Structure formats: C-alpha cells, structure tokens
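Student: I would like to go through the labels used for this model and see what each one rests on.
Tutor: Then ask about them one at a time.

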Amino acid sequence: MADVATPLAGTELDHELERMLAIERFDPPDGFREKALVSDPAVYERAERDPEGWWAEQARALDWAEPWTQVLDWENAPFAKWFVGGRLNACANCLDRHVEAGLGDRVAYHWYGEEGEQRDISYAELLAETKRLANALLDRGIKAGDVVGIYLPMIPEVIVAMLACARIGAPHNVVFGGFSPEAVRERMEFSEARALITVDAARRKGKTAAIKPAVDEVVGGLEHLETVVVVRHTGEQVPMQDGRDVWYDEIVAAADPECPAEPFDAEHPLYVLYTSGSTAKPKGILHTTGGYLTGVACTHRLVFDLDADHDVYWCAADVGWVTGHSYIVYGPLANATTSVMYEGAPDYPGKDVWWSLVERYGVTVLYTAPTAIRACMKWGAEEPNKHDLSSLRLLGTVGEPINPKAWLWYHRVVGGGRCPIVDTWWQTETGHIMITPLPGIVPTKPGSATRPFPGISADVVNADGEPIDEGTGLLVLRRPWPGMLRTLYRDDERFKEVYWSRFGERTYLVGDAARKDEDGYFWILGRIDDVINVSAHRLSTAEVESAIVSHERVAEAAVVGQPDELTGQAIVAFVTLVGGGDGDDALREDIRGHVAARIGKIARPKRIIWADDLPKTRSGKIMRRLLRDVAEGRELGDVTTLRDPVVMAEISEKVAAGEEEE
Ligand code: WTA
C-alpha cells in the first residue's frame with residue numbers, strides 16, 4: 001500500500017489539487033490489484049462471450065430453493081424474465097443462510113443515532129426481529145402480493161420492515177423520509193397499499209418532527225389502507241386510531257418468533273419504488289426477486305471489492321432511495337456485510353460527524369454522492385483531518401456526475417491518495433450498478449464512470465440510434481440485465497413507451513446524455529428529459545410545476561434546472577400570478593412552503609422569478625430551453641418560434657436587474 005499522504009488544508013491543499021487536475025488517469029494503487037477480488041481483465045471477455053452464463057454464475061452465489069430452467073426469457077421483449085422457474089426467498093438469502101452458516105453474531109449494522117446512541121445489530125438479532133414482524137403482518141391479514149408502504153427515518157426498523165415484507169412476499173413501497181405526507185398518500189394510493197409502517201416522530205438536527213399526526217391527516221381516505229404500524233422512536237404522544245393503528249413494539253413482542261421463509265418465484269415482485277419522470281405522475285418502478293438480488297449482490301461484491309470477513313462498509317445514502325435499497329439493504333446483506341448506518345445529517349452534531357464514524361468503526365469502504373463531497377469540501381479539509389481515516393481503502397460515488405475537483409478532493413483528503421474511486425452510474429430502473437470501474441483493474445479518470453460492468457452492454461448513439469465510437473449522444477443499454485425493472489407498476493404501456501419505443505423494443509433508452517472518449521470510457525453528462533438532479537435526487541420539472549400551480553395565487557409556472565456549485569443542479573421557477581404582476585418575498589416563501597408540503601423540502605425552488613407571461617411556441621408549449629438560458633445568464637438562443645418574443649425580453653430584463661433574492 002502506498003504511504004499515507006500528509007493531511008493538507010487551505011492554500012497548500014488548493015495548490016496540490018490544482019496540480020492534480022492535470023493528471024488524467026489514475027491507475028489502481030500499488031498493492032490494491034494484487035489483493036483485489038477481480039485482478040484479471042479477462043472477466044470482461046468472459047462475460048461478453050456468454051452473458052447468460054456469466055449471470056447464471058453470479059446467481060449461483062445465492063441460495064435457491066428450486067433451480068431455474070432458463071436463465072433469460074426475452075421472447076416477449078421488453079418484458080423480461082430472469083431465472084425462469086427458479087424459486088428463492090430474498091429475506092432468507094439476506095439473513096437465514098448467514099445465521100445457518102454460523103455468522104449469527106456478526107454485526108449487520110453499526111447503527112449510530114443523531115444524539116450519539118449506538119446499537120450494534122447482529123445477523124441473528126435482525127433475523128429474529130424480522131421473523132416476528134413478518135408474523136405480525138401476516139396476523140394483520142397481509143399476504144404475498146399485497147403492497148406495504150414504509151415511511152421511516154434511518155433507524156434499524158426500516159431494514160426490519162423491508163425484510164419482513166420480503167420474507168412474506170409482500171412488495172414494499174418505501175417513501176423517502178424527506179418526502180411530504182402528501183407524497184406518501186399519493187404513492188400509497190397508486191400502489192393500493194394495504195398497510196403502512198411509519199413512526200411517531202423523526203429527529204433532524206436536534207429537532208423533532210411529528211410524523212404520525214401528519215400522516216393521519218392525509219391517509220384517512222385511502223380505501224385499501226387497513227393497517228398503520230407505528231414505530232416508537234422519539235416517544236412522542238401520538239393519536240392512534242382504533243382498529244387501524246398498532247404499535248410496532250407491541251405487535252412484534254406478541255408475534256410468534258418462528259416464521260418459515262417460503263420460497264417465491266424468481267419473478268415475484270420484491271418492491272415498487274416511485275421515482276420522477278417527465279410527467280407530474282411519479283413512475284412506480286417494479287423490481288422482482290431473483291434477478292434483482294443476483295444483480296445487487298454481485299455488483300456490491302465486485303465493485304466494492306468486498307471482503308465480508310474484514311470490511312466495514314458504509315453507504316451514506318438514505319434507504320428511501322434506490323441506492324439505499326440496493327446498497328444499504330439487499331446487496332450488503334446478501335453478502336453478509338457489516339455496515340454502518342447513521343440516522344442524522346452530515347453536519348449534525350458537527351461537520352466532522354461522518355469522519356468521526358469512519359474512525360469509530362474503522363470504515364474501509366465508503367459510498368456517497370458527489371453533492372455530499374462538495375458540501376464537505378466547503379466545510380474544509382480541517383474536518384476530515386481531525387480524524388484517523390487510515391482504515392479507508394476504497395471510495396465510491398453515485399447519483400450525479402462528479403466534477404474533477406470534488407473527485408480529487410475525495411481522493412486526496414478523504415482517501416489519503418491511496419484509495420481507488422469507483423464512480424458508479426446506474427438508475428432506479430436499472431436496479432444495480434451498470435457503468436463503473438472494477439477497482440483492481442480499471443484505471444480511472446476523474447469525472448468518468450469508465451466502462452460497463454461485465455455482462456452489461458451500453459452504447460452512445462446519435463438521434464437515429466446509430467452507435468457513436470467517440471463523441472456525444474444518447475446513452476442506451478442493449479442487452480437485458482438481471483436487475484432491470486420489469487415494468488412500471490400497473491402501467492405496461494407507459495413502460496414500453498418511456499423506455500423501449502424510441503429505438504425499438506430491444507433497446508433501453510436511459511434518458512441520459514453521454515460522451516464516449518478515445519479509450520471507450522463513458523462520461524455521463526446529465527438528463528435529456530425534464531428531470532432535474534438536485535443533490536443527487538431526481539425531481540421532475542412537471543411535478544414541481546404542478547405543485548406550484550396548485551398554490552391559490554399562481555396561474556402558471558415553468559421550472560428549469562440551473563447548475564449549482566453545491567447541489568449539482570438547483571430549481572429555478574418562473575411564476576405567473578393570478579391577475580399578473582409581481583409578488584413579494586413573503587409570497588416566495590409561501591410558495592416554497594407550499595411545494596415542501598406537496599412534495600418535500602428538497603423540491604423547493606431556490607429561485608422564484610415573477611413573469612407576467614411564459615415563453616411559448618405557437619402551439620402553446622413552454623420553451624424551457626430559453627428559460628434555462630436566462631437562468632444561467634447565457635445569451636438567449638433562437639426565439640423565432642416564440643408566439644410573443646416580447647415575453648422573453650421582459651423576463652431577461654428582470655433577471656438581469658436581479659429582482660429576485662436567492
Ligand atoms: C444520474 C440513482 C453521473 C443519471 C442511483 C441517472 C449519474 C440518474 C450517476 C438516476 C453517475 C446516477 N454519474 N450521473 N455516477 N449515477 N446518475 O434513479 O442522470 O435516483 O439517470 O438512481 O442519476 O437517478 P436515480
């Protein structure tokens with residue numbers, strides 16, 4: 001292993017990063033390759049020669065109650081079936097088999113609470129509690145195929161809840177804790193959830209926010225929702241509705257401790273997870289059991305070079321996003337990993353809390369988003385420098401393109417210059433990592449996710465779908481992969497139309513633009529649809545617009561993304577008020593609050609610009625391209641197709657005059 005680099009801060013660090021910007025390629029560090037799980041590049045050819053054989057080999061790492069008869073059925077494209085005829089239980093693969101193999105005492109999660117509480121949860125404990133909750137759900141009449149909603153903060157119960165659902169074959173529908181109760185209602189309604197598992201209150205930066213009463217306000221009218229399970233977390237007094245609401249601790253304590261894990265078909269739904277698309281209605285991404293678990297387990301093992309006996313792994317995402325599903329829960333547990341789980345924000349109680357946790361638990365592999373790295377950069381290298389981070393050996397990023405400066409900071413300050421960085425590209429839809437370096441063999445270039453994972457076939461194509469060897473175009477995926485979404489929940493037509501229509505039913509349209517360089521490396525450039533990526537979280541412009549327009553004073557709104565140093569992109573809203581004219585700052589705040597209540601705080605516009613009218617084509621379509629030009633302070637593009645060019649001139653003038661606050 002290379003020497004640990006001296007910690008640097010301030011101008012010295014700036015100079016070093018400046019110098020490092022000239023380095024285009026980073027080879028796997030000395031000593032890493034020799035010890036890596038994958039040290040022979042032949043793995044790529046092997047998978048390419050026989051992709052189904054490669055995936056079958058990966059699937060064999062799981063426990064199957066019944067073997068499959070066919071690896072892939074792609075006859076009915078774009079509806080794929082993987083491991084046809086195979087049967088397994090996802091929960092048993094994550095827990096029972098490890099306990100049976102004598103790993104019951106191994107810590108599954110080192111949980112660390114906001115106020116410094118610590119809980120080490122072993123595989124045996126996790127299994128015992130999961131079985132009880134599974135029984136309690138069965139007792140409440142939940143059966144295989146019924147959707148169960150989960151709206152919980154980052155506490156161990158969220159893992160138990162997901163696994164208990166998986167155990168009984170009830171697909172879970174997790175809603176990110178930062179989303180509003182209104183977003184929960186909508187997702188429960190779309191998926192016809194029969195139960196919802198939530199919490200009395202959540203903690204955020206030393207404050208307590210009541211959750212259960214807020215949920216009560218919106219879920220009352222849901223006809224399918226029969227049970228609300230409430231986790232006692234802060235001990236807040238909350239109203240409980242007789243017959244519908246039950247306390248988590250009480251039903252778990254009363255439940256039978258034995259609960260056999262019934263095997264399900266490989267294509268049995270494991271979960272539905274809503275994500276943003278081009279329209280205001282979120283898309284319910286459906287993942288199934290065998291292929292998904294195969295994909296997350298093998299990518300987790302190979303991309304993070306996992307040594308489950310020694311590594312302490314930390315994916316610092318929220319379980320409410322796909323990153324949490326795949327790389328906090330299913331991938332790590334399938335591989336018997338010891339993980340760290342932190343309840344709070346990265347700057348509470350101090351801006352060094354992450355680094356104190358790395359030191360406390362001896363974290364070896366850290367996986368986070370570029371936006372978090374940029375925030376840490378802003379807080380200064382002094383924070384990580386306060387702690388011994390020498391246990392780290394591998395770093396990962398996900399969720400948005402990483403700018404080279406942040407990459408280098410991560411590499412130098414956090415990784416001490418000795419840790420490879422895996423920049424992993426994937427989506428809620430893909431289920432698992434798709435484009436990424438394998439850390440022992442693939443040289444990295446800051447800002448590039450490098451090359452497709454073995455067995456994955458990705459291409460950059462032009463508008464006609466022809467592959468581009470070198471240059472910029474649309475990212476597509478050619479071949480089915482085991483963790484791919486199977487459909488949009490109860491909306492096969494939209495599934496076909498969104499992903500499989502532009503270039504035929506055998507080419508998956510990703511929705512990202514990408515560049516392929518002279519070495520065949522992929523550089524992801526960003527979305528081509530109306531999706532904004534704020535702090536590595538996907539938001540739909542249409543969804544934010546419809547939230548703004550539902551404010552009583554608003555007549556019309558258009559939302560665009562603008563580059564933001566911290567959050568990657570930030571939301572800018574152009575708002576026309578009822579009766580025209582400009583609003584004041586109080587109204588801006590009111591609209592922001594309104595959006596927070598409808599979707600969640602993350603969707604609040606950073607800027608609100610009043611506009612008497614919005615730029616539209618003659619057919620009435622809002623020209624967001626022009627609004628983006630204005631928001632970014634660029635020269636206006638072609639305005640000749642506008643119905644009324646004066647509209648744009650007025651908006652530009654207003655923005656130039658700085659008539660809105662940040
Ligand atoms: C973006 C998150 C650049 C991309 C796992 C994609 C990335 C969307 C990267 C999916 C990366 C994700 N480099 N861009 N390494 N990873 N993206 O569904 O635009 O929340 O389409 O899944 O995030 O976001 P989602």
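**Labels and their cut-offs**

Student: Why is serine 339 called buried?
Tutor: Serine 339 has a relative accessibility of 2%. Buried means under 20% relative accessible area, exposed over 50%, and partly exposed in between, with a 1.4 Å probe and protein chains only. Serine 339 therefore counts as buried. The model is a predicted one, in which local features need pLDDT of at least 70 and side-chain atom pairs count only at pLDDT 80 or more, while totals for chains, interfaces and linings use all residues. Residues are numbered from 1 along each chain as its sequence is written, and side-chain values use heavy atoms, with hydrogens and water left out.

Student: Which residues is serine 339 in contact with, leaving aside neighbours within four places in sequence?
Tutor: They are Ala108, Tyr109, His110, Tyr313 and Pro332. Contact means heavy atoms within 4.5 Å. Serine 339 itself lies in strand E17; strands (E, at least two residues) and helices (H or I, at least four) are DSSP runs, numbered from the N terminus.

Student: What makes E8 and strand E6 a pair?
Tutor: Two strands pair if DSSP finds at least two bridges between them. E6, residues 148-150, and E8 have three bridges and run in the parallel sense. Glycine 149 has leucine 196 of E8 as its bridge partner.

Student: How many bridges join E8 to strand E11?
Tutor: Five bridges join E8 to E11, residues 227-231, and these strands run parallel. Leucine 196 stands opposite valine 228 in E11.

Student: Why are helices H8 and H9 called oblique to each other?
Tutor: H8, residues 181-191, and H9, residues 212-219, pack at an angle of about 45 degrees, with their axes 9 Å apart. Axes are lines fitted to C-alpha atoms, for helices over the stretch in contact, and angles run from 0 to 180 degrees between N-to-C directions. Angles under 35 degrees count as roughly parallel, over 145 as roughly antiparallel, 65 to 115 as roughly perpendicular and the rest as oblique. H8 and H9 are therefore oblique.

Student: Which residues make the contact between H8 and H9?
Tutor: Pro181, Glu182 and Arg185 of H8 meet Ala214, Val215 and Val218 of H9. The contact residues divide into four nonpolar, no polar and two charged. Ala, Val, Leu, Ile, Met, Phe, Trp, Tyr, Cys and Pro count as nonpolar, Asp, Glu, Lys and Arg as charged, and the others, Gly among them, as polar.

Student: What is the omega of the cis peptide bond between alanine 77 and proline 78?
Tutor: Omega is about 5 degrees there, and proline 78 is in the loop between strand E1 (70-73) and strand E2 (81-84). Another cis peptide bond joins tyrosine 348 and proline 349, with omega about 0 degrees.
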